[in-house]
Amino acid sequence: MKRYSVLDFKSAKGQQKITLLTAYDYTMAKLLDQSGIDAILVGDSLGMVLQGFNNTLSVTMDHMVYHTASVVRGTQHAMVISDMPFMSYHLSPREAVANAGRLIQEGGANAVKLEGGRDILPQIKGILKAQIPVMGHLGLTPQSINQLGGFKVQGRLPKEAREILHDAQLLESAGVFAIVLEGIPENLAHLISQELHIPTIGIGASVHCDGQILVSHDMLGMYGECSPKFVKRYAHLGEMIQTAVKNYVDDVHQQIFPETVHTYKGQKEALDTSELEV
Ligand code: KIV
């Protein structure tokens with residue numbers, strides 16, 4: 001099957017909602033891919049979900065390359081988009097292009113995602129010049145958590161809303177193929193989605209976006225630390241895993257596992273230990 005691409009993002013606008021989830025490893029990527037997801041984001045949310053930090057700031061380029069390569073090996077159909085981590089694109093356009101290049105060349109990603117608007121336009125333009133597709137990310141941008149004062153909904157005030165809309169227009173003019181809108185009010189997400197010709201991908205940004213993304217560990221009920229209002233739990237895998245592990249522990253204690261069916265048989269002669277040195 002053909003891999004989902006930037007062209008599919010473009011033609012989906014106004015026709016079909018685009019579906020994205022995060023993945024950080026081969027097994028999860030393969031499950032998502034085989035379930036018909038359009039695109040997988042190797043998000044720097046891995047800093048929280050996999051590494052146990054309370055924000056994404058400690059994630060490095062090496063982490064992203066490693067996890068991107070694992071996800072790519074698990075996919076055939078889904079487009080793979082890799083997050084550029086904190087400080088991998090802030091210093092200069094040159095460094096941004098080099099780091100984006102690593103995610104494509106070493107990780108095998110099909111595109112990269114950067115957080116921010118007007119401040120990082122030179123970086124975005126440089127990456128696009130290197131023929132690397134870029135996805136934007138506006139609104140609640142977790143890499144700016146210290147400046148935003150926490151994980152807070154953005155764009156509630158008219159001035160903030162106008163700035164986010166203007167940033168979205170600037171990113172579109174620069175040539176990004178889609179923009180993630182995170183944690184913004186419904187009316188602003190609606191307006192931006194109407195104004196732009198490229199798809200908006202919402203997370204906590206209402207049904208009016210052209211597609212949706214969630215952190216897969218959140219929607220599968222595997223990551224309990226925080227559950228934002230916008231997360232819908234489609235499964236409770238955390239509870240299922242705990243029940244399974246408790247059953248395993250009980251079975252081992254009670255010698256119910258392993259059973260005969262899990263056990264290898266040897267030839268009788270092999271048990272002749274007379275020749276073995278003690
Ligand atoms: O890092 C991430 O997973 C993200 C999504 C939540 C959009 O940026």
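**View 1. The residues around the ligand.** In this predicted model, the ligand is surrounded by Thr-22, Leu-41, Gly-43, Asp-44, Ser-45, Asp-83, Lys-113, His-137, Ile-203 and Val-215, each with a heavy atom within 4 Å of the ligand. Sorted by class, this shell holds 3 nonpolar, 4 polar and 3 charged residues; here Asp, Glu, Lys and Arg count as charged, Ala, Val, Leu, Ile, Met, Phe, Trp, Tyr, Cys and Pro as nonpolar, and the others, Gly among them, as polar.

View 2. Look here for pairs of N or O atoms within 3.5 Å. A polar side-chain atom of Asp-44 is 3.0 Å from a ligand oxygen. For Lys-113, a side-chain N or O atom also lies 3.0 Å from an oxygen atom of the ligand, and for Asp-83 the distance is 3.1 Å. The protein buries 95% of the 260 Å² that the ligand exposes when taken alone (Shrake-Rupley method, 1.4 Å probe).

**View 3. A cis peptide bond.** Phe-257 and Pro-258 are joined by a cis peptide bond, with omega about -5 degrees. Pro-258 belongs to the segment after helix 11 (237-253); helices are DSSP runs of H or I with at least four residues, strands are E runs of at least two, and both are numbered from the N terminus.

**View 4. A positive phi in a loop.** Gln-131, a residue other than glycine, has a positive phi near 70 degrees. Its loop runs between helix 6 (121-129) and strand 5 (134-139).

**Notes for all views.** Residues are numbered from 1 along each chain as its sequence is written, and side-chain values use heavy atoms, without hydrogens and water. Local features need pLDDT of at least 70, side-chain atom pairs count only at pLDDT 80 or more, and totals for chains, interfaces and linings use all residues.

Notes
Polar contact = N/O pair within 3.5 Å; in protein donor to acceptor, adjacent residues only side chain to side chain.
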